[in-house]
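Dear colleague,

Please find below the structure that I am handing over to you. My notes on it follow directly after.

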Amino acid sequence: MQHNDYILTLSCPDRTGIVYRVSGLLFELGCNILDSQQFGDDETGRFFLRVHFDVPAAVTAEALQARFAVLASGYAMDWQIHDARRKARLLLMVSRQGHCLNDLLFRVRSGQLRAEVAAIVSNHQDYAGLAASYDIPFHYLPVTPETKAAQERQVLALVERERIDLVVLARYMQILSEDMCRALAGRAINIHHSFLPSFKGARPYHQAHQRGVKIIGATAHYVTPDLDEGPIIEQDIERVDHTMSAQELTQVGSDVESLVLARAVRSHVEHRILLNGNRTVVFR
């Protein structure tokens with residue numbers, strides 16, 4: 001018998017019987033649970049659950065949604081049911097640093113990342129050739145302070161037209177407006193370097209080299225109007241030392257940024273991230 005698989009994610013006030021009721025409903029519908037993860041947060045009093053399950057072909061997606069809606073209402077659940085077979089559609093945005101863009105394109109093409117890149121947007125033309133080599137539409141949308149609002153409207157129109165699920169700022173060196181951040185809430189991820197101590201502005205890796213930094217890293221987070229302060233999804237670090245030049249630090253940083261961003265994107269497209277206030281619950 002043919003089956004279809006789905007992923008249920010939910011959060012709600014924590015109380016007894018949640019897992020029992022969810023698994024019971026799935027059993028009644030003839031579903032088979034393939035994987036399940038849960039977390040109860042004592043600080044917020046909320047419960048988080050991700051269940052990957054298959055459904056008999058006789059049970060439609062509409063019937064599944066309707067049955068679960070009744071259960072969810074009794075527990076004040078924030079919930080979604082995703083078709084696990086559907087590939088997420090990505091919009092990648094980049095400026096002149098292409099390491100994250102190149103890494104994501106390769107991961108998607110090689111099947112390491114289950115998604116499809118619908119389009120690439122850049123305020124420079126440097127990676128038009130790279131986009132063409134992957135047969136992906138490249139949209140050159142230059143931006144100035146005077147044209148920023150109009151340029152962002154073009155991006156949002158592209159998001160709607162291409163049915164984009166996730167916008168990835170793959171070293172896109174422009175600050176998104178508050179309106180843009182709100183329009184993309186929960187579906188835009190950014191990557192930036194993480195130094196101890198932190199350095200802002202131009203040539204951060206050269207600043208780090210001058211200060212003799214010993215740890216560099218990267219942080220991937222959801223985009224919010226608070227610059228670089230959105231809910232953190234993924235982080236990693238690498239140790240460096242006095243023998244390394246600023247150029248070598250930059251290379252190490254590029255590798256970490258690429259890896260951290262890829263992990264964050266994978267967690268999102270596999271529906272492993274649930275928001276917990278300003279934090280995230282990320283199921284592995």
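Predicted model: local features only at pLDDT ≥ 70, side-chain atom pairs only at ≥ 80, totals over all residues.

The domain assignment divides the chain into domain 1, residues 4-83, and domain 2, residues 88-282. Their C-alpha centres are 31 Å apart. Domain 1 contributes 13 residues to the contact, and domain 2 contributes eight residues. About 820 Å² is buried between domain 1 and domain 2, and carbon and sulfur atoms account for 56% of that area. On the side of domain 1, F48, R50 and H82 supply 50% of the area buried against domain 2, more than any other three residues.

The polar side of this contact can also be described. Two salt bridges are counted between domain 1 and domain 2, and six residue pairs are in polar contact there. The elements of domain 1 that give two or more residues to the side touching domain 2 are β1 (3-13), β2 (32-41) and β3 (46-56). Of these, β1 gives the most, with four residues. By class, this side of domain 1 has five nonpolar, five polar and three charged residues.

**Q37**

Q37 is found in strand β2. A polar atom of the Q37 side chain lies 2.8 Å from the backbone oxygen of R284. Leaving aside residues up to four places away in sequence, Q37 touches F48, L49, R50, R272, F283 and R284.

**Helix α3**

Helix α3 spans residues 99-109, and eight of its 11 residues are buried, so the helix is largely enclosed by the rest of the structure. Those buried residues are H99, C100, L101, D103, L104, L105, R107 and V108. G111 follows α3 and has a positive phi, near 85°.

**Salt bridges**

The count for the model comes to 19 salt bridges. Three of them are described here individually.

- E28 and R67 form a salt bridge, with their closest N and O atoms 2.8 Å apart. This pair links distant parts of the chain, as E28 is in helix α1 (residues 18-28) and R67 is in helix α2 (residues 61-73), 39 residues apart. E28 is exposed, at 57% relative accessible area, whereas R67 is partly exposed, at 36%.
- R89 and E116 meet through their side chains in a salt bridge of 3.5 Å, N to O. R89 lies in strand β5 (residues 88-94) and E116 in strand β6 (residues 115-122), 27 residues apart. R89 counts as buried, at 11% relative accessibility, while E116 is partly exposed, at 33%.
- E152 and K148 form a salt bridge in which the closest N and O atoms are 3.9 Å apart. Both residues lie in helix α5 (residues 148-161), four residues apart, about one turn of the helix. E152 is buried, with a relative accessible area of 7%, and K148 is partly exposed, with 22%.

**T224**

Where is T224 found? T224 is in the loop between β10 (215-222) and β11 (232-239). T224 is partly exposed, with a relative accessible area of 24%. The C-alpha atoms of T224 and L176 are separated by 8.8 Å, although the two residues are 48 residues apart along the chain. Not counting residues up to four places away in sequence, T224 touches C181, E229, G230 and P231.

Yours sincerely

Key
Residues numbered from 1 in each chain as written. Heavy atoms only, no water. Domains from an automatic or database assignment. Contact = heavy atoms within 4.5 Å. Buried area = accessible area lost by both parts, 1.4 Å probe. Salt bridge = Lys/Arg side-chain N within 4 Å of Asp/Glu carboxyl O. Polar contact = N/O pair within 3.5 Å; in protein donor to acceptor, adjacent residues only side chain to side chain. Nonpolar A, V, L, I, M, F, W, Y, C, P; charged D, E, K, R; others polar. Buried < 20%, exposed > 50% of the residue type's maximum accessible area, 1.4 Å probe, protein only.
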